[in-house]
Amino acid sequence: MIDPWSSAIVNYEKLIEEFGIKPFHDLLGDIENPHILMRRGIVFGHRDFGRIIKAIREKSEFAVVTGMMPSGKMHIGHKMIVDQLTWYQEKGAEIHIPIADMESYSARGIDFNEAKRIAIEEYITNYIALGLDPDNEKLHIYLQSENKIVGDLAYKLAKRVNMNEMKAIYGFSGSTNIAHIYAPLIQVADILHPQIKECGGPKPTVVPVGPDQDPHIRLTRDIAERFQSQFEFITPSSTYHRFITGLTGGKMSSSKPKTAIFLSDTPEVAEKKLKSAKTGGRESLEEQKKMGGVPEDCVVYEMLLYHLIQSDDELKEIYHQCQEGSIMCGECKARSAEMMKNFFKNFHKKREKAKDKAESILDL
Ligand code: SF4
């Protein structure tokens, strides 16, 4: 029998082998009440996550760092990070959310004021509406350009990183502008700054990322080790989650609107988009009844798996109904699109409520 959580895992397994990322499911038994994304294998890998489990179990200090680059609209795939953050917040984490305005300036040409506006209206508002508690005293949301501790630390850390290393990791060339080259070092400092003495460190720190961010994690871990004797850094841990598939079958991307359901879409638009998504259905109804569908290749099923169905039993039932051909895509899509519409109705009410709070966080 195929495991309902296993869709498209093959490539991720290869990733685990090639880069030495450890499989997350080996740790599941040690985590009390793991997040749904962990339980379902969407968080599939980690480096040194055992430290974080220990800190959670012993109720000792630990930090989570995850940045947002304010450059465009948030889509439903971005919700995964916020879902993980709310889980960590419930587990007592200190949460740091750098707004990468320096990176969006150097990589995309967005000026600091515009980045701040996007961060508030789009990102922070959504984060609160998705469940992050803005009044938690261990939550720190800041603009990179305004955080002197991070800026100073980045400069110190840059002393032991050379150009050949940056070229090898990021593909920079002789024509890359210096601001762009410096931006990753600010991110390294974002991740490591909760560990300096002024910020109550050292302490275990975890960074939840997509696998494409791993080179950056490896650089940060290397730098942490280079400066271990000076700052007593604990090498940061990381977790890796699968990407969400776009509506047309490739990667979901904010720059390709046809692939994405945006968090700012109306409930009706979100419903319509899901109805037009690629499924794992067969050519004809007859064939589907006979052979069953392929939930592993179905964007609609993935939405249920990642976002829309909390009950594992309910999800398993849909998986098996699909596989055995007792449910057809038309009915399944209509039901899922209705769930999506209801999610968005509820979410938009929360967004409205979150707006003022989001503004007050950065004192616009
Ligand atoms: Fe996807 Fe549902 Fe069709 Fe199966 S029946 S392929 S889960 S839409």
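**View 1. Strands β6 and β7 run side by side.** Strand β6 (residues 205-209) and strand β7 (residues 237-241) pair in the parallel sense, with 4 bridges between them. Here, strands are DSSP runs of E with at least two residues, helices are runs of H or I with at least four, and both are numbered from the N terminus. Two strands count as paired if DSSP finds at least two bridges between them. Pick out Val-207 and you'll find its bridge partner in β7, Ser-238.

A quick note before moving on: this is a predicted model, where local features need pLDDT of at least 70 and side-chain atom pairs count only at pLDDT 80 or more, while totals for chains, interfaces and linings use all residues. Residues are numbered from 1 along each chain as its sequence is written, and side-chain values use heavy atoms, leaving out hydrogens and water.

**View 2. β6 is covered on both faces.** 5 of the 5 residues of β6 are buried, so the strand is largely enclosed by the rest of the structure. Buried means under 20% relative accessible area, exposed means over 50%, and partly exposed is in between (1.4 Å probe, protein chains only). Thr-205, Val-207 and Val-209 sit on one side of β6, with Val-206 and Pro-208 on the other. In a regular strand the side chains alternate between the two faces of the sheet. β6 also pairs with β3 in the parallel sense, over 2 bridges, and Thr-205 is the bridge partner of Ala-63 there.

**View 3. The whole sheet, strand by strand.** Seven strands make an open sheet in the order β1-β2-β7-β6-β3-β4-β5, with mixed pairing. β1 (22-23) and β5 stand at the edges with a single partner strand each, so one side of each has no neighbour in the sheet.

**View 4. Strand β4 and its two partners.** 6 of the 6 residues of β4 (residues 94-99) are buried, so this strand is largely enclosed by the rest of the structure. Glu-94, His-96 and Pro-98 point one way, while Ile-95, Ile-97 and Ile-99 point the other. β4 pairs with strand β3 (residues 63-65) in the parallel sense over 3 bridges, and Glu-94 is the bridge partner of Ala-63. To get from β3 to β4, the chain goes through helix α4 (residues 79-90), a right-handed β-α-β crossover. That term means that, with the strands pointing away from the viewer, the path from the first strand over the helix to the second runs clockwise. β4 also pairs in the parallel sense with strand β5 (residues 139-143), over 5 bridges, and there Ile-99 has Leu-143 as its bridge partner.

**View 5. Helix α7 has a buried face.** In α7 (residues 148-158), the buried residues are Val-150, Leu-153, Ala-154 and Leu-157. Seen down the axis, they fall within an arc of 105 degrees, so they line one face of the helix; the arc is that of the directions from the helix axis to the C-beta atoms. These residues pack against β5, α9 (178-192), α10 (214-226) and α11 (228-231), where contact means heavy atoms within 4.5 Å. Turned away from that buried side are the exposed residues Lys-148 and Tyr-155.

**View 6. Helix α12 and its packing partners.** The buried residues of α12 (residues 267-275) are Pro-267, Ala-270, Glu-271, Lys-273 and Leu-274. Looking down the axis of α12, they fall within an arc of 165 degrees, so they line one face of the helix. They pack against α14 (299-308) and α16 (329-362).
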